[in-house]
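Keep the sequence and the coordinates side by side.

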Amino acid sequence: MKYVILDVPVGRNLQQFRKQKHLTQTELIVQMQLKGSDMSRSTLANIETDRRNIKISDLKILLELLEVEFSEIF
């Protein structure tokens with residue numbers, strides 16, 4: 001049996017959910033930092049353009065703030 005694993009554009013999916021909430025990157029980063037994340041706006045920009053991976057701890061905070069389920073991102 002052969003399996004094909006496709007890359008999932010996690011960052012772009014996160015960007016879409018952020019935009020649906022009408023949040024700028026800066027606004028979202030401020031909320032994340034209030035929850036204990038040390039992510040910067042430039043890091044978020046790189047994640048959203050799939051140039052950087054996201055830490056699981058930051059992903060958990062983003063999912064909570066964006067009010068989306070883990071499965072919706074993937």
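Which residues does Leu 28 touch, not counting residues up to four places away in sequence? They are Arg 18, Leu 23, Leu 44, Leu 62, Leu 65 and Leu 66. Contact here means heavy atoms within 4.5 Å.

This is a predicted model: local features need pLDDT of at least 70, side-chain atom pairs count only at pLDDT 80 or more, and totals for chains, interfaces and linings use all residues. Residues are numbered from 1 along each chain as its sequence is written, and side-chain values use heavy atoms, with hydrogens and water left out.

Now the core. The largest nonpolar core has 19 residues. Such a core is a set of buried Ala, Val, Leu, Ile, Met, Phe, Trp, Tyr and Cys residues joined through side-chain atoms within 4.5 Å. Buried means under 20% relative accessible area, exposed over 50%, and partly exposed in between (1.4 Å probe, protein chains only). Leu 14, Leu 28, Met 32 and Leu 66 touch the most other members. Helix 1 (10-20), helix 2 (25-34), helix 3 (41-48) and helix 4 (56-66) each supply at least two residues. Helix 4 gives the largest share, six residues. Helices are DSSP runs (H or I, at least four residues), numbered from the N terminus.

Next, the loop between helix 1 and helix 2, where Lys 21 lies. Lys 21 has a relative accessible area of 34%, so it is partly exposed. Leaving out residues up to four places away in sequence, Lys 21 touches Leu 66 and Glu 67.

Last, the rings. The structure holds one aromatic pair, formed by Phe 70 and Phe 74. Rings of Phe, Tyr and Trp (its six-membered ring) pair if their centres lie within 6.5 Å; planes under 30 degrees apart count as stacked, over 60 as edge-to-face and the rest as tilted. This pair is tilted, at 4.7 Å centre to centre and 45° between the planes.
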